[in-house]
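Subject: Structure handover

Hello,

Here is the structure we talked about. Please open it first, then read the notes below.

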Amino acid sequence: MFNEPHPDEVRVISQRFGIPNSASIDTYLAHEGYVGFMKAAEMTPEQIIEELKVSSLRGRGGAGFPTGLKWSFIPRDNPKPKYVVVNADESEPGTCKDRLLIQNDPHQLIEGCMIAARTIGCKLGYIYIRGEYRYLIDIMDKALEEAYAHGYLGKNIRGTGIDFDLYTHTGAGAYECGEESALLESLEGKRGVPRIRPPFPAVSGLYASPTVLNNVETFCAVPAVLRMGGQAYADLGTPKNGGTRMLCVSGHVNKPGVYEVPLGFSMQKMIYDVCGGIRGGKKLKAVIPGGSSSPVLRADECDFPMDYDNYARMKTMAGSGGMMVMDEDTDIVKVALRTMRFYAHESCGWCIPCREGTTWLRKILTRMDEGTGRRADIDLIYELAKNMLGRTFCPLGDAAAMPTIGFVEKFRDEFEARLRENVMPVTSPDQLIAIG
Amino acid sequence: MSTPTAAPPTVVNFSVDGRQLSAPPGTLLIDACKRAGIEIPAFCYYEGYSLQAACRMCLVEVEKMPKLQTACTLPVSEGMIVRSETEQIHKARKGTLEFLLTNHPLDCPVCDKGGECELQDMVFRYGAGESRFTEVKHHEPERQWSPVVFYDPARCILCYRCVRACNEGMGVGALGVGNRGVYSEIVPNMVDHLECDECGACIDICPVGALTSNTYRYKTRPWEMQHVGTICTHCSNGCKTTLGVRNDEIVRGNNRDRSGINGEFLCIKGRYGFDFAQHEERVTAPMIRINGKLEAVSWSKALGFVAEKFKSVSASGGTFGVVAGTHLTNEELFYLQKFTRAGLKSSNIDHIRSGDFVTLLDAVSGNLESLATTDDLYQTKAALVIGSDLSQQHPLLAFQLRADVRHHNASIYTVTPGPVREANYSKTSVISPVGQELEALAGLSEQLKGEKEVVILFGDSIKGQKVRDLVAWASELGIPVKYVCLVDYSNSRGAMDMGAMPDLLAGYAVDPHPGLSLGQMLNHDGLDVLWVAGENPLRHTALASTKAFVVTQTMFLDETAQRADVVFPSASAYEKNGTATNVTGQVQRLKAAVRTMGAKTDLEIFGLIAKEMGLAAEIGVWTHDVVFKEIHKSVRGYNVPLPILITGGAAATNPVNGKVAVDVRVDEIRSAGDTLFTSGELGRYSKLLTSVPEFPGALYKR
Amino acid sequence: MTFTAETEQKLQTIWGRYPEGRKRSAVIPMLMYAQDEAGQVTQEIIAEVAKRCEVTPLQVEEVVGYYSMLNKQKMGKHHVQVCTNIACLLMGGEELWQHAVKRLGIGHKQVTADGLISLEEVECAGACSWAPCVVDGFEYHHHMTFEKLDQLLDSIQKKVQ
C-alpha cells in the first residue's frame, strides 16, 4: 500500500489491500478467496461467459475489448491444448497498478486465471511479468506454491476434476512485449515482434493454439464478477462500462496514488477531491489520461465522467489508466520529447514507418527542445505523425503518433515559443550563417 | 431428406480500381493483382517465402475496412472492393519511402546495386522528389562476413528477405535479426562472420545494396555487362546461371531472371564457381612432349602429329582407349563416340561413372512414367533419399524438396550413412551404414504404403543388383514410383545417353561388339593410345601401358597432362554452345559467354583431328547444331520439342523403352563425393571455392 | 558450462515449466537468471542456453540484442536505474539522473572504475504514483530526492568498506 485509501473509492479488486499479510493464502481464504472459482466449477463455460458479458467488463490493459466476448472466441472443440496467459508486462508510462495487484493480492490473480482455465478447458497457463518486476515474480512464485500446497492448483483442484498448472515467466525489458502477439512471441523465446493478425490469439495464440490473453487487472476482476454476479458488477459503473478500475494518478497532484473508482467517475473529482488538487497551489495545465499513448487533454477538457466511451468522445482513450497530471509550469515540449524518446527506444524495428518515424520525430523534437527548431519543424512533426498513423504493423506506431499530434495541436504556442528564432532572435546578418 | 451442401466456390470475384477480377479462393490480393497486371509495390513480400507485412508499401484501401490493409496478407474475398491508386495511397507510399530514406545512405554512385536497385525503382515511381530530413543519419560501418558476403547495415532496409532465403529456402538459417528499433540489423550465425553454404542467395535476393558479393564489388555497372544465360558446369543438377560478362570476362553469375529449372536457386558453384575458367594456368596452346618436356607447338603440328599416330595405330589393329569427360556437351559426347566407333573402329570408349542409371533403365523398362524431373521433386507428395547428402551433393534437388515441404507439406524420408540436413524437416530419417540400405527400407515400407506416390533418389551405394532389388521393393508399395539415379557432374547423364560407354550405343542400344571399360583401359598394358577429352583419369591411377600414346584435351596441366604426349587446350563449358542433360534427364542449351585465347572447344578439336585423319565424311560435320540435329533424330529420348530448347527451356528426355541387357561393371561406379565446396577437377582451380573457410566441407555432418 | 547450485536449480525449474518440444520458451528466463550470476550474457551462456533449449546460438543471439535488460557488457555489482519517463520527469527525474551522473562521473550504461556501480537511464519502471523512482538491481526506491539518492549510493559504497 503506498497511498491512503479515499472514501470515494469503491474497492472491489483492491479490497484486501492493507490487510496484514494480504498476500498469503490464509488471508485470501478468510476474505472470500477462491469462492468465485468454486462457483465457476459448478457453472458451464457458457454461463460464465454470459456472466462476463452482462458485467460489461472490458480489458483493463489499454484496448478495452469486452472480456466476455473475447473469451467466447475460443473454439472449444479445437483439439489443440488451450492456454491462459496473463499480461503483466505493465510498461505503459504512467501505469503502476498491476504491480500493486500482484504485490498485495496475488491469489486474486491466480483465481481469475483458474476461472478462465475452467471456462475454456485449459490446463496450462503463464503469467508473463516484466523483467524489472523481479520482486513481484518472487511474491507470485510464493503464492503459486501456496496454491499448489493447498490444492488450488495442479490436478483435480479441490475435487472439482479440473486440472490447471500456472507458472510465472519473466520478460527482459521490452515495452512492445505488452502488445499481446509480441508477448506471445516473447513467451515462445523469440524477439518481441508482433504477429500478423488474423489469426488472433483466441484461435492461434501461444504455440499456435487457442489462448485467452488478458491484463492482470482484467483477470483480477473476474472472481468478483462471479461472486457478486455480472449485473451487480455492471451496475457499479455506467451502461456498457461496468465495474471499477484502478486509476494510477501521478504528477503534480498533492496525493498521487492508485485509486479504485467506478467507471464513470468524474475526472474533476479525481484531481481535486481524491488527489487533493494541484500541489503548491498551482493551476492545472494538462492531463495525459490513460498512459503515454493517449492524446493529452487541456485543463479545460478535464471535466467528464471517466469511462471508455467518454474518453473516446474526448478524442483520447481510457488506455491503461495511467493519469499524469501537469501543472502550469510544465514544459510540454520536454514532455513531448521524452514521450518520443520512449517510443523510439521501444520500437521493435519491424516495420518502416514506426522504426524510422519515431527516430526522426525524436531527432526533430530534440532540436526543438534544444532551441534549434525551425518554423517548418512544427508542421513537419504533425505531418510525420500523420504519416505513421494507421500505417504501422502494430498499434505502437499509433501510440507514438497520436500523442504527438495531440501535443502539437493543443499546445502549438509552446512549440512556437521554442523555435530558434524566438529562443535566439537574429540581431545580425552573421548569425544567419550559423543557423543554416 | 437432407439438403445437399453447396460445393465450395472455385473462383472469387472482386474488383480493384474499378476492374472486375477473379482468382481462386485463398489467393493473396497482391498476387491476384500481379496476375492481372496491377502492380502493388512491396519490398518484404516475396513469393515462396513466409509473409512479413513489414515494409508497409503494399497498403491499399478496402471498402468496409476502416484501416488500410496490406495486400500481401489479405486473401481475396467475394465482392471485395479494392482501391490502390487513391491520393491517400499515393501519400502513404511516398511517406513510407521518405521514412526509409531517412537513414539510407546516398551511396548510389558507388553502390553495386545502382541500376538494378528496387529502392531506386520504387522511389522513382512512388517517392517524393525531395526529402525533408535534415537530421544526422544513424550509421554503422560495413562488415565483411565471409570471403563472399559483405553486409552494410546503413543500406539495409530490413525487408528480411535474406533471413527467409537462408532459413526457409536453403534450410541453413545462418542469418538472423539483432538489436531493436532503428538499431536493428541482420546478424550472422557466428556473431561476426558466417559459416554457411556461401551460396550467395542472400546477396541476390537483397533488393538494395546491403548485401554485396566480394567477387563482384565495385567491378562494373549492370548495364555495362552482357548477360548470357547458360547451364552451370559443375554438378549434375543443371541449374541455369546467367553470367554477367564485361570485356570478355565473367564478372558474376546469378539467376535473378528466374529462368531455367532452378528459379532463383544457385549454390556457391553456380554463382561464384566460374572463376576456374579464368585461372591464369589455363593451357593456351597445343603442346607436344619433346625430349620429355611439354613444348608449345602450332595447332597444325599437334593435329598432324596426333592424326599420324592414330592412323598408324588404326592400320596396325592397335588398341585405342577413349575417355570422355562428364562436363562435355551432348554434341561432343555423341561425336566422340561416333569417332571412336565409326572412325577408329573401336568400342573402347567410357567415362567416369558415378551412378548406375543403366541398371535402373533395365529394371523399369516399359514404364514410361518412371523417371522424375526437377518439377516432380517440387510437386510430389513424398520423396525418399537413399545414400546421398542431398543438400551438399545435389543442392538444387534438395532445394526443390525443401520447397515441396514448405509449400505442399510433402513427406521426406531419408536413409543415409550419416546425419543430413533433410532430417530437420523429414518425416523419418534413418541412419544406415553403406550396404545396409535395403534392410533399412524394409522398415519404412508401412509408412510409404500410406503415401500417395513417391520419388526415390538413390546414390552410388545402390548399384547393380541392388538397383533391381530397390525397384522390386518399391513396386510392392502399391503406389506410383518415380526414380532419380544420382550422378555427379553436369553431363554425367548425357555421357550415358550419348553412348560414351563400351557396351551401349547412343540411346542404350546394345553394342554388338563391346569394348574395354575405363578401368580395363587403364589396366591394359598393351594399350596403344589413350585419348582423353575433358577428364583427368590418371589423377589417382597410373597408366599400366608404358608404351601408350596419350593425348589429352584439357584446361589445365593436370596429372593426365603430365603423362601426355600431346596436350590440346580445350574450352570450358562456359565457352561452348551445345546442350547438356542433367541428372533428371532434362536437356538444356549451353550458350558461350566468353572465349579463352588459344583454347578450342572439344568438339572443334575432335572435328579437326577427324579432318586430319581424312575421316570427316565418315564421322560427319562437327558443328554443334548439325550434331544436335542428328542426336534429335536418332538418339532415343531426344526427340524433344525444339522450341523449348531454343528458347532456353528444359526439355525432358525419356530413354525408357525395353530392356538394356548388359553386364554393368559395378566396381567402376563410384561417386566422387563432392561437397558444396569441391567440384572434381574444376574445383581445384576455383580460387573462390578453395578460399572459403568452409572448404573442403564434409558429407553427412548435417 | 556449470553454474552455481542455486542457479542450476533455478534453470532446471524454469526448463520444466514448458511442454515437450516447446523448450525455446525457456530461453529468456534462463538468460536472465544466468546473467544474475555472471553479471553479463557471455558467449558461453549463449551457447549453453541454446543447447538446453534446443535452438541455435544465432536464435539466442537474436534475443539478447532485442531485450534491454540483457547485457553483453558487464554491469556494476549494483546496477542503478533512474527513471526519467513522463511521470518521473514531472517530479524531477531528469535532475536526479544528472545528479547521479555528476556524482559518479559515469554515464548511461557505464560502470565505475571499481566495478561497483553502473548507471542506466531507464524507461517507465512502474512507480509513477510514487515518483521519482530509482531501482537498484531489482530493488525499488520511491519518492527519491537528491538526499535519498546520495544516501542510497553512500550505503552501496559503504558496504564495500
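Start in chain B, where B:Leu59 stands opposite B:Thr70 in β4(B). The model is predicted: local features need pLDDT of at least 70, side-chain atom pairs count only at pLDDT 80 or more, and totals for chains, interfaces and linings use all residues. Residues are numbered from 1 along each chain as its sequence is written, chains are lettered from A and ligands numbered from 1 in the order in which they are written, and side-chain values use heavy atoms, with hydrogens and water left out.

Some terms before we go on. Helices (H or I, at least four residues) and strands (E, at least two) are DSSP runs, numbered from the N terminus. Two strands pair if DSSP finds at least two bridges between them. Buried means under 20% relative accessible area, exposed over 50%, and partly exposed in between (1.4 Å probe, protein chains only).

Chain B, the β3 region

B:Leu59 belongs to strand β3 (residues 59–62) of chain B. Both faces of this strand are covered. B:Leu59 and B:Glu61 are buried on one side, B:Val60 and B:Val62 on the other. In general, side chains in a regular strand alternate between the two faces of the sheet.

β3(B) pairs with strand β4 (residues 69–70) of chain B. The sense is antiparallel, over 2 bridges. The two strands form a hairpin with 6 residues between them. In the turn, B:Lys64 has a positive phi of about 75°. β3(B) also pairs with strand β5 (residues 81–83) of chain B, again antiparallel and over 2 bridges. There, B:Arg83 is the bridge partner of B:Glu61.

B:Asn523 and B:Thr541 are 18 residues apart in sequence. In space they are 9.2 Å apart, C-alpha to C-alpha.

Chain A, strand β5

Strand β5 (residues 244–251) of chain A is mostly covered: 8 of its 8 residues are buried. One side carries A:Thr244, A:Met246, A:Cys248 and A:Ser250. The other carries A:Arg245, A:Leu247, A:Val249 and A:Gly251.

β5(A) pairs with strand β6 (residues 257–262) of chain A in the antiparallel sense, over 6 bridges. A:Cys248 stands opposite A:Val258 in β6(A). These two strands form a hairpin with 5 residues between them. β5(A) also runs parallel to strand β11 (residues 322–327) of chain A, joined by 4 bridges. In that pair A:Gly251 stands opposite A:Val325.

Where chains A and C meet

Contact means heavy atoms within 4.5 Å. By that rule, 64 residues of chain A are in contact with 40 residues of chain C. The two chains bury about 4,400 Å² between them, 58% of it on carbon and sulfur atoms. Buried area is the accessible area (1.4 Å probe) that two parts lose on being put together, summed over both. In chain A, A:Arg134, A:Ala172 and A:Arg338 lose the most area to chain C, together 16% of what that side buries.

Chain C

Chain C has 7 helices and 5 strands. From the N terminus on, the elements run α-α-α-α-β-α-α-β-β-β-β-α. The C-alpha trace spans about 50 × 35 × 25 Å along its principal axes. Of the 161 residues in chain C, 57% are buried.

Look at helix α3 (residues 43–52) of chain C. Its buried residues are C:Ile45, C:Ile46, C:Glu48, C:Val49, C:Ala50 and C:Arg52. They pack against α1 (5–16), α2 (27–38) and α4 (57–66) of chain C. Just after α3(C), C:Glu54 takes a positive phi of about 60°.

Best wishes
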